[in-house]
Amino acid sequence: MKREKIYQLLKKSSQADNVLIKGWLRTKRDSKNFSFLEINDGSYLKNIQVIADCTLDNYTEITKLTIGSAVAIRGKLVKSQGKGQALEIQAQSIEIISLAPESYPLQKKRHTDEFLRTIAHLRPRTNKYGAIFRIRSELSYAIHKFFRNKGFKYIHTPIITGSDCEGAGEMFRVTTLRPDQKIKNDYAEDFFGQETNLTVSGQLSAEMFALALGDVYTFGPTFRAENSNTSRHVSEFWMVEPEMAFCDLEGDMDLAEEMINFLITHILDNCAEDIQLFAKFVDKKLMTTLDNIRAGAFLRLPYSDAVDILRKSGRKFEYEVEFGKDLQSEHERYLTEQHFKKPVILYNYPKEIKPFYMRLNDDDLTVAAMDVLVPGIGEIIGGSQREDRPEVLVERMEELGQFPEDYWWYIESRKYGTVPHSGFGLGFERTLMLLTGVKNIRDVIPFPRTPGSIEF
RNA sequence: UCCCCAGUAGCUCAGUUGGCAGAGCGGGUGGCUGUUAACCACCAAGUCCGCGGUUCGAGUCCGUGCUGGGGAGCCA
C-alpha cells in the first residue's frame with residue numbers, strides 16, 4: 001500500500017476507506033477510551049488528526065507516544081465529529097517507527113527564534129520553519145519559472161574563482177596547503193598555482209554567456225568573508241543574477257520590477273496557507289506590504305534627486321547627505337519607508353562609489369547603476385548597465401586600482417562584438433524576508449553561516 | 001570591527017535595599033472529557049554563563065572573558 005502525503009489527503013473532500021500515512025507526532029490528547037494524535041509529515045502546514053481507539057492491540061504503547069515520535073498509520077479517512085477539522089483518520093493500525101525520548105527539545109509551545117537557532121537541525125520540524133522552507137523551495141522554482149518563461153538560459157558559474165571579482169568585499173581563501181605550509185609570496189605550490197577564492201558574484205562569468213546566449217541568469221551560493229554582524233548578512237547566501245545582451249539600464253529596471261512582482265504573485269498563489277501563518281503571527285502588515293508593492297509601478301529616481309529630497313527633508317541624519325557619498329541605511333529607509341512608502345529604484349550613482357564594470361554616463365560623473373530598495377529590508381537588488389567600451393573599461397579599472405591584465409578575458413569580450421548589456425543581483429534570502437516578514441536572515445536559510453558560527 | 005542590551009530549571013521569564021532559589025509551560029505519575037497549545041491533582045528538576053574581586057554574607061555590587069540579541073559600517 002502506498003503512503004499518501006497529508007497535503008494530498010487534506011485537499012480531498014471525499015472520504016476514503018484505506019489510507020496510509022507516515023509522519024511525526026506533533027501533539028496528543030488522551031481520553032479514557034481513545035487518543036487524538038496529530039500527525040505532520042512536512043508536506044503541509046496543518047496536521048491531520050488521527051483517532052486511536054483503545055481496541056487497537058498496541059494501544060498501551062500508543063498512549064506512551066511522545067512528541068516527535070515517528071509513526072505509520074493505516075485507517076479510514078472520515079468526516080470529523082469534532083470542530084476544527086473537516087476530515088480525520090480513524091486508525092486501524094498504528095505502527096511505531098521510532099519513539100522520541102522525552103528530552104526532545106521542541107515543545108507544544110512557542111519557542112523563540114534565538115533558541116531555535118541553537119537547534120537548527122530540528123527547527124524545520126516546527127510550523128513556522130516548516131513554512132519558511134516550503135516557501136524557500138517554492139521561491140526557487142518560481143525563479144526558474146520566471147526566467148524560463150522569458151527565454152533566459154540558466155548558467156552554472158564557478159564557485160571557486162581565481163579573479164578577485166570586482167574587488168567587492170573580503171573573500172574566503174581556497175587552498176590545499178596546510179596551515180604549517182607557508183606561502184612564499186607566489187602561490188606556485190598551491191593547488192591552482194595562484195591565489196584562489198570562493199566567489200562573491202557570478203556576474204563576470206555570466207556576462208560572457210550573455211554575450212553568447214543572449215539572456216542568461218545564475219542562481220547559486222555566494223560567499224562573503226566580511227565581519228558583518230547584522231540581521232541582514234550571512235557569510236554564505238544565494239543570489240540570482242540575470243544578465244541581458246542588447247539591454248540598457250531602463251530594460252534592467254523593467255526586469256527587476258517585473259521579477260519581484262512575479263515572485264510575490266507566485267508565492268501568494270502557491271503558498272497561501274504558509275503565508276497566512278506569517279501574516280498572522282510574524283508580521284501583521286505583511287499582506288498590506290506585499291499588495292502595496294504589486295499595486296503600482298516602482299518609483300524611479302536618479303541618485304542626485306534622492307540627494308535633493310534627503311537634504312530638503314528637514315530630517316536630522318546621523319550621516320550627512322552629500323553628492324558623491326554613498327547613501328546610508330537611514331537615508332534609504334527614509335526614502336522607501338517614510339517619503340515614498342513604496343519600492344524605490346535609485347539610479348545613476350556617482351562613479352567614485354561604484355565598481356569599474358558599470359557603464360560611465362555621458363556626464364562623466366555618474367555610472368548607469370541602479371539599486372532597488374524595498375520598505376523594511378532596504379537594498380534587495382543591485383545592478384547596472386555594464387561598460388561595453390573596451391577603452392573606457394580599461395581606464396576605469398586603472399582609476400580604481402585594478403590590474404587590467406588580470407581581467408584580459410573580460411576585456412576581450414568587449415573587443416569582439418561588444419554590445420550594450422545589463423544585469424543585476426537579487427538577494428535570495430532578502431527576498432524571502434520580504435515575502436515572509438521574517439526579520440532575521442539567519443531564519444530563512446537552513447544552516448546559517450555567520451562570523452564565529454558554523455555549528456551545523 | 002564599533003556602540004547598546006541580555007545570560008537564573010529542558011523552554012519563557014520573575015527574583016524587592018546584598019540576607020534560605022521561584023512561577024508558567026514542558027517532563028513523570030494518576031484522574032477526567034470527541035479533544036483542539038485540552039483540563040484537574042501530585043512529583044522530579046538548578047555550576048543563577050565562566051573566572052577574579054568587594055562583603056559576615058553575592059543571582060543581586062565591581063572587574064574581566066565568553067555566548068546571544070539589537071543597532072552601525074560593509075553589502076545581497
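Mentor: Happy to! Please keep in mind that this is a predicted model. The secondary structure of chain A comes to 13 helices and 15 strands. Along the principal axes, its C-alpha atoms fill a box of roughly 85 × 55 × 45 Å. Of the 456 residues in chain A, 48% count as buried. Contacts across the sequence matter for the picture too: among those joining residues at least 6 apart, 66% link residues at least 24 apart.

On the charge side, chain A carries 60 positive and 66 negative side chains. The centres of these two sets lie 11 Å apart.

Let us begin with the positive patch. Lys-2, Arg-3, Lys-5, Lys-22 and Arg-74 gather there on the surface. One of them, Arg-3, sits in the segment before helix H1, which spans 6–11. Arg-3 counts as partly exposed because its relative accessibility is 38%, and the range for that label runs between 20% and 50%.

The negative patch is built from Asp-362, Asp-363, Asp-364, Glu-391, Glu-395, Glu-398, Glu-405 and Asp-406. Two of its members are worth a visit. Glu-391 lies in helix H11, residues 390–399. With a relative accessible area of 52%, Glu-391 is over the 50% cut-off, so Glu-391 counts as exposed. Asp-364, by contrast in setting, is found in the loop between E12 and strand E13 (366–374). Its relative accessibility is 43%, so Asp-364 counts as partly exposed. Asp-364 also has a backbone feature to look for: a positive phi of about 65 degrees, although this residue is not a glycine.

While you are checking backbone angles, have a look at Lys-341 as well. Lys-341 is not a glycine either, yet it has a positive phi of about 55 degrees. You will find Lys-341 in the loop between helix H10 (329–339) and strand E12 (344–350). The relative accessible area of Lys-341 is 53%, which means that this residue is exposed.

The surface has a nonpolar patch too. Ile-159, Ile-160, Phe-191 and Phe-192 make up this patch, with an area of about 410 Å². Ile-159 belongs to the loop between strand E6 (153–154) and strand E7 (160–161). Because its relative accessibility is 37%, Ile-159 counts as partly exposed.

To finish, here is a residue from the other side of the accessibility scale. Gln-203 is found in helix H5, residues 203–213. At 5% relative accessibility, Gln-203 falls under the 20% cut-off, so Gln-203 counts as buried. Leaving aside residues up to four places away in sequence, Gln-203 touches Glu-241, Glu-243, Tyr-357, Arg-386 and Tyr-410.

After that, turn to the buried Gln-203 and its contact partners, including Tyr-357 and Arg-386.

Terms used
Residues numbered from 1 in each chain as written. Chains lettered and ligands numbered in written order. Predicted model: local features only at pLDDT ≥ 70, side-chain atom pairs only at ≥ 80, totals over all residues. Heavy atoms only, no water. Patch = residues over 30% accessible without salt bridge, like charges linked within 9 Å, V, L, I, M, F, W, Y side chains within 5 Å. Areas by Shrake-Rupley, 256 points an atom, 1.4 Å probe, with all protein chains shown as cover. Salt bridge = Lys/Arg side-chain N within 4 Å of Asp/Glu carboxyl O. Lys, Arg positive; Asp, Glu negative; His and termini not counted. Charge placed at Lys NZ, Arg CZ, Asp CG, Glu CD. Helix = DSSP H or I, 4+ residues; strand = E, 2+ residues; numbered from the N terminus. Buried < 20%, exposed > 50% of the residue type's maximum accessible area, 1.4 Å probe, protein only. Contact = heavy atoms within 4.5 Å.
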